[in-house]
Amino acid sequence: MGRIICCGLGPGNPDLMSVRADREVRAAKHVAYFRKKGRPGQARRIVDGLLAKDVCEYPMEYPVTTEIAFDSPGYIRLLAGFYDEWAERLARLARAVDIVVLCEGDPYFYGSFMHLRARLQGHVEIEVIAGVPGMAGCWNSVGLPIALGDDVMTVLMGTLPEHELEQRARNSDALVIMKTGRNLKKVRRALATAGRLGEAWLIERGTMPGERVARLNDVDETECPYFAIVLVHGQGRRMEAAE
């Protein structure tokens with residue numbers, strides 16, 4: 001029996017991969033990764049130049065990539081069939097060989113592989129290798145501490161209803177808002193209503209080629225790339241207060 005090894009690749013810059021993930025990627029003979037149809041895939045781009053020449057690749061193409069609510073019936077139906085199909089295919093392959101599944105960030109933190117893991121658990125040996133979460137790369141790109149002291153940090157999805165985004169923005173010290181994309185306009189309105197817009201940063205393609213770091217107030221666009229995060233840094237105990 002083979003294994004399925006999910007490698008967390010970090011936020012996007014190959015230099016931020018762990019030593020262990022790098023070792024598994026270079027030794028892999030069979031590699032699977034998620035991607036949008038017609039695109040090479042972000043995870044595949046991260047490992048470009050690291051894979052063996054004779055590696056067998058298995059691109060898993062999402063049937064939908066638009067940032068729609070995760071609980072909408074259409075989203076659930078399409079994604080469930082997609083994950084069912086690939087869980088079955090990977091399980092068949094793992095009867096004979098090890099398969100490395102590439103995952104941006106950390107697999108256990110909103111990673112797509114977790115949907116496969118839920119279906120494969122108990123049927124095949126699974127190993128998950130930790131990675132630096134994408135948000136950590138983004139707040140390092142800003143160059144400011146995201147939280148200090150007793151700051152409360154909340155991670156939100158831009159697909160949430162506007163009123164919930166606003167409420168949580170009011171009740172948290174630090175914010176990480178993922179899945180911005182087409183939801184950027186809504187996120188901006190919610191932060192403005194909560195009085196937090198002036199503190200917000202937009203980080204597009206954090207640590208990757210084409211990275212952009214800007215105050216959200218200074219960004220005119222109503223949409224942004226899929227790999228974009230909005231950050232609001234906590235304002236708790238600062239370094240001078242501890243001196």
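An open sheet of five strands runs in the order β6-β7-β10-β8-β9, and its pairing is mixed. At its edges stand β6 (153–157) and β9 (212–215), each with a single partner strand, so one side of each is left without a neighbour in the sheet. Direction ignored, neighbouring strands here are turned by 20° against each other on average.

Some ground rules. This is a predicted model, in which local features need pLDDT of at least 70, side-chain atom pairs count only at pLDDT 80 or more, and totals for chains, interfaces and linings use all residues. Residues are numbered from 1 along each chain as its sequence is written, and side-chain values use heavy atoms, with hydrogens and water left out.

Now the terms. Helices (H or I, at least four residues) and strands (E, at least two) are DSSP runs, numbered from the N terminus. Two strands pair if DSSP finds at least two bridges between them. Axes are lines fitted to C-alpha atoms, for helices over the stretch in contact, and angles run from 0 to 180 degrees between N-to-C directions.

Stay with this sheet. β6 and β7 (residues 174–178) run parallel, joined by five bridges. M153 has A174 in β7 as its bridge partner. V155 has V176.

How much of β7 is buried? Five of its five residues are. Buried means under 20% relative accessible area, exposed over 50%, and partly exposed in between, with a 1.4 Å probe and protein chains only. In a regular strand, side chains alternate between the two faces of the sheet. In β7, both faces are covered. A174, V176 and M178 are buried on one side, L175 and I177 on the other.

Helix α5 (residues 134–142) lies across β6, β7, β8 (200–204), β9 and β10 (228–232). α5 runs at about 60° to β10.

K179 has a positive phi of about 50°, although it is not a glycine. K179 sits in the loop between β7 and α7 (184–193). K179 is partly exposed, at a relative accessible area of 28%. T207 is not a glycine either, and its phi is positive, about 70°. T207 is in the loop between β8 and β9. Is T207 buried or exposed? With 17% relative accessibility, T207 counts as buried.

Next, the other sheet. Five strands form an open sheet in the order β3-β2-β4-β1-β5, with parallel pairing. The edge strands, β3 (56–62) and β5 (125–129), each pair on one side only. From one strand to the next, the twist averages 25°. Strand β1 (residues 3–8) and strand β4 (residues 99–103) run parallel, joined by five bridges. I5 has V100 in β4 as its bridge partner.

Which strands does α3 touch? Helix α3 (residues 73–93) packs on the sheet, touching β1, β2 (30–36), β3 and β4. Contact means heavy atoms within 4.5 Å. The direction of α3 makes about 165° with that of β3. Helix α4 (residues 113–120) lies across β1, β2, β3, β4 and β5. α4 runs at about 155° to β5.

The two helices also meet each other. The axes of α3 and α4 come within 9 Å and cross at roughly 60°. That makes α3 oblique to α4. For the cut-offs: under 35 degrees counts as roughly parallel, over 145 as roughly antiparallel, 65 to 115 as roughly perpendicular, and the rest as oblique. α3 passes α4 in a right-handed crossing. By definition, a crossing is left-handed if the near helix is turned anticlockwise from the far one by less than a right angle, and right-handed if clockwise.

Which residues make the contact? From α3 come A80, Y83, D84, W86, A87, L90 and A91, and from α4 come H115, L116, R119 and L120.

E127 lies in strand β5. At 17% relative accessibility, E127 counts as buried. Leaving out residues up to four places away in sequence, E127 touches R3, I4, I5, C6 and R20.

Then P107, in the loop between β4 and α4. P107 is buried, with a relative accessible area of 0%. Not counting residues up to four places away in sequence, P107 touches C6, C7, G8, M114, V128, I129 and G131. P107 and G131 are 24 residues apart in sequence, and 7.2 Å apart in space, C-alpha to C-alpha.
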